[in-house]
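This report describes selected strands, helices and domains of the structure shown below. It should be read alongside the sequence.

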Amino acid sequence: MSPITMAKALNDGLRKTLEEDPKVIVMGEDVGKLGGVFRVTDGLQKDFGESRVFDTPLAESGIIGTAVGLAMRGYRPVCEIQFDGFVYPGFDQIVSQVAKMHNRSNGNLRMPITIRIPFGGGIGAVEHHSESPEAYFAHTAGLKVVSCSNPSDAYWMIQQAVRADDPVIFFEPKRRYWTKGELDLTPYPLHKARIVRPGRDVTIVAYGPMVVTALESAAAAADEGRELEVIDLRSISPLDTATVVESVRRTGRLVVVHEAAVSHGVGAEIAARVQEKAFYSLEAPVLRVCGFDTPYPPSRLEEDWLPSVDRILDAVDRTLEY
Amino acid sequence: MSVAPAVPGSEAREARDALHAVHPEPDMVQLLTPEGARVAHPDYPLDISDDEIRSLYRDLVLVRRIDSEAIALQRQGELGLWASLLGQEGAQVGAGRALRPHDMAFPTYREHGVAWCRDVDPLTLLGLYRGTNLGGWNPADNNFNLYTIVIGAQTLHAAGYAMGVVRDGAVGTGDPNRDTAVLAFFGDGASSQGDVNESFVWAGADNLPIVYFCQNNQWAISAPVATQTRQPLYRRASGFGFPGVRIDGNDVLASLAVTRKALADARSGQGPTLIEAFTYRMNPHTTSDDSTRYRLGAELETWKLKDPIARVRAYLTRHAQVGPEFFESIDRESEALAEHIRSGCRALPDPAALSVFDHVHTELTDELREQREGFATYLASFEEVGA
C-alpha cells in the first residue's frame, strides 16, 4: 500500500464507518459539497447522500445539541467543528449534555457522538485558528479525549471513536494533515499509549502534533549519544498511566510536551500521576515543554512560541544535568 | 431650585413597562373563558365531548395535587427543591393530551403536568428534587425526555430528534401510527437563549416536524418578560419562517386544540409551529425563591381570576350538568395520589456511595476503577473501626 496523508486516512476511516453502519451520519459546517475546509470529508456527501453527510447552519451549539437529539433517536453522529477556537459556542452542549446524558439517565441513554476538532498551531493562521483546548474536555467527566499523530492512527482511531458508545472528542493535528504515512494492517487499542521510539535515558511524552517534533528531538539527541524514549499518548482521557509510568521506571526522567498552555494542562496531570506512582524511580523533576500561559500569539511569533526541537532538547539537557 | 436627577435608562424602562402592560387578549386563542363559557375559534375547531372535558378536569386537579404535595414535602425537608407549576396546569395538560404515544416530548424541569399526561409516575420526578438521582428515567419508556435544567438546551435536542424522525421516514407518510412529531417546551426566559434561537434556525431551514411550546409565565425568576423581549414572543416565529400563535395559556381547551393542530401539521410534513401559552407562574420560581421581592400581590390576584381549573369546573357544573359525585370522586382520587406521593417519596432509597462511579461511561475505565477501589477501601476502614 502506498503512503497516504492524514487527511486522506481520516477520510478513508470515516468512509468505512459510513459503509458499515447506516446510522452513522457526518454533520458540520461545509462538510458536504466542499468536503470540509481541510477536505477531510471530501466526496462523502456524493457517495452517501445529503441525508447522511450534510452541512449544518453556522452554529456550533446547534451542531452539538442536535447531535444529542439524533443520538437519542438511534443515530451515531460525527460532528466536525471547523477549527479549535470555534468549539466554545458548543461547550455547554458538550460538557453539560453530551458528557452527562448517559449518567443522568442512569445508563439508559447512550451518546455515541464523535466530535472532530482540527487543533493546534503552526500553519500561519489568524487568531482563533491555532488553539489547543484539549484539557477543558479531558477535565470533564463522561468524555473521552484522543488525538492521532500519524495517518495510520488517524485511519484506525477515527473508526474506533465512531464505533464507541461513549462520546469521543477527536483532536486532529491540523498541521500534520498533509504528512504521509503507511497504514498499519490492524488497529491498536484506542485508549492505549504507544512507545514510538524506545530509549533508555529520558522519557518524552507527547500527543497529536508534538509527536513528530518529539521524534525529531530524539533523532537529534541520538547524534549526541542520548537515547530518548518517545511515547505517543494517543488517548488523553482516559490516560494510559501504566505505559508512561513503566517507561519512567526505566529512564528515571520525564519531559512532557504539548502545545497547550503549560499551567493546569495535560502535562500537569501526567506529572502528578508519575510522582504518585514512580516517586522513587525519578532521578529529576518532571519537566514540561509547552505553550506559555498567554493567548496564542500572532503567526509571525508562533515558531518561537511553540514547543520546538531545540526547546525539547534544552529540557532534556536540564533533566540530565539535574 | 433642585430638580430630581433623571434615573439613567428610566425612559427605556418605562417603555418596557408599557410593553409589558400590552393587553394580550386580541392575539390570543381562547376556547373556554375564565367564566366557563365555551367559545368557538374559526381556525381551531375543537370536537370534544363533555366526558373528555371531565377527563381533562381530572388531569388538572391531580396535577395540581402533585404540585402541592411536592411543595409540602420540600417544606418538610423531604425534597431539596421543587419547581411549582401552579397556574400552568391548563397549558401543560392541553399540550400533553395533544401528544400521541409515539410523539416525543422534551420538557424543562417544570413540566410535571406533561409528565402526568405521558403516564410518568410522579415519584419518578421526585428523585431529581430529593437528590436520590439526577433524573434517571429512560426517555424512551414514555417518550418523555429527562428534565433539562440548563435553560433552553433541550430545544436543540428536540430539533436533533426531529432530524432523526425525518431520516427515519416517519413524517408525511399519512400513516397515523408512523408519522411522528416532537414537542419542545421552554419558557419566556429561555426565549433569549442562543440554543432556542439556533433550534428555531434548524427547524425553519430544515422544515422539521417540531412544535415549540413556550409557556410565557411572565417571570424568569425575578425578570419580567419585558426584560427578554419588546414584542410578543409568538411573533419571533415569523422571522424564522414558521407560524407563531398565542393562546390563553390558562385555557386547557385552547392548549389542546392548538397543540393538536400544530402537531398534526408537523407530522404531515408542514413543518414547525411556535405556540406561546400566555399564562402565569402563581408560585415563586422554586421553593428557594421569594417572589415578594420583585412582584406585587395585586398581579397575582388578577391572575387568580383566570384560574385554569376553576373555569373547567364552572363549565362542567353550569353547562354539562356534572354533579357533586363526580367532583367528590376526583377529590378521593386526589387524596390517594397524595398519599402515594408522600409515602413513595419517603421510601425513595438513598443511593450507595460507590454508585457515583456507575454510568460515567458505558464501561468502567481503569482510572475510575482505581478511584472506586480507593474510595471503597476508605469507606470500609470506617466499618472496621465500628465493628
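Two strands are said to pair if DSSP finds at least two bridges between them. The model discussed here is predicted.

**Strand β5 of chain A**

With that definition in hand, I115(A) stands opposite I169(A) in β7(A). The two strands concerned, β5(A) and β7(A) (residues 168-173), pair in the parallel sense over 6 bridges. β5(A) also pairs in the parallel sense with β4(A) (residues 76-80), over 3 bridges. In that pairing, I115(A) is the bridge partner of C79(A).

The strand β5(A) covers residues 114-119 and is mostly covered, with 6 of its 6 residues buried.

| Strand | Partner | Bridges |
|---|---|---|
| β4(A) | β5(A) | 3 bridges |
| β5(A) | β7(A) | 6 bridges |
| β2(B) | β3(B) | 3 bridges |

**Domains of chain A**

Chain A is divided into domain 1 (4-181) and domain 2 (194-321). Their C-alpha centres lie 26 Å apart. Across the boundary, 24 residues of domain 1 of chain A are in contact with 22 residues of domain 2 of chain A. On the domain 1 side, α6 (134-138), β6 (144-147) and β7 of chain A each supply at least two residues. β6(A) gives the most to this side, with 4 residues. By class, the side of domain 1 that touches domain 2 has 9 nonpolar, 8 polar and 7 charged residues.

**The sheet and helices of chain B**

In chain B, 6 strands form an open sheet with parallel pairing, in the order β1-β7-β8-β4-β3-β2. The edge strands are β1 (28-29) and β2 (104-106) of chain B, each of which pairs on one side only. β2(B) is joined to β3(B) (residues 182-187) by 3 bridges, and F106(B) has A184(B) as its bridge partner in β3(B). Helix α7 of chain B (residues 153-167) packs on the sheet and touches β2, β3 and β4 (210-216) of chain B. The direction of α7(B) makes about 170 degrees with that of β3(B).

Helix α3 of chain B (residues 89-98) has 10 of its 10 residues buried, so this helix is largely enclosed by the rest of the structure. Among the buried residues of α3(B) are E89(B), Q92(B) and R97(B), together with G90(B), G94(B) and G96(B).

Terms used. Residues numbered from 1 in each chain as written. Chains lettered and ligands numbered in written order. Predicted model: local features only at pLDDT ≥ 70, side-chain atom pairs only at ≥ 80, totals over all residues. Buried ≥ 20, exposed ≤ 12 C-beta atoms within 10 Å, placed from the backbone. Contact = placed C-beta atoms within 7 Å. Axes fitted to C-alpha atoms, helices over the stretch in contact; angles between N-to-C directions. Domains from an automatic or database assignment. Nonpolar A, V, L, I, M, F, W, Y, C, P; charged D, E, K, R; others polar.
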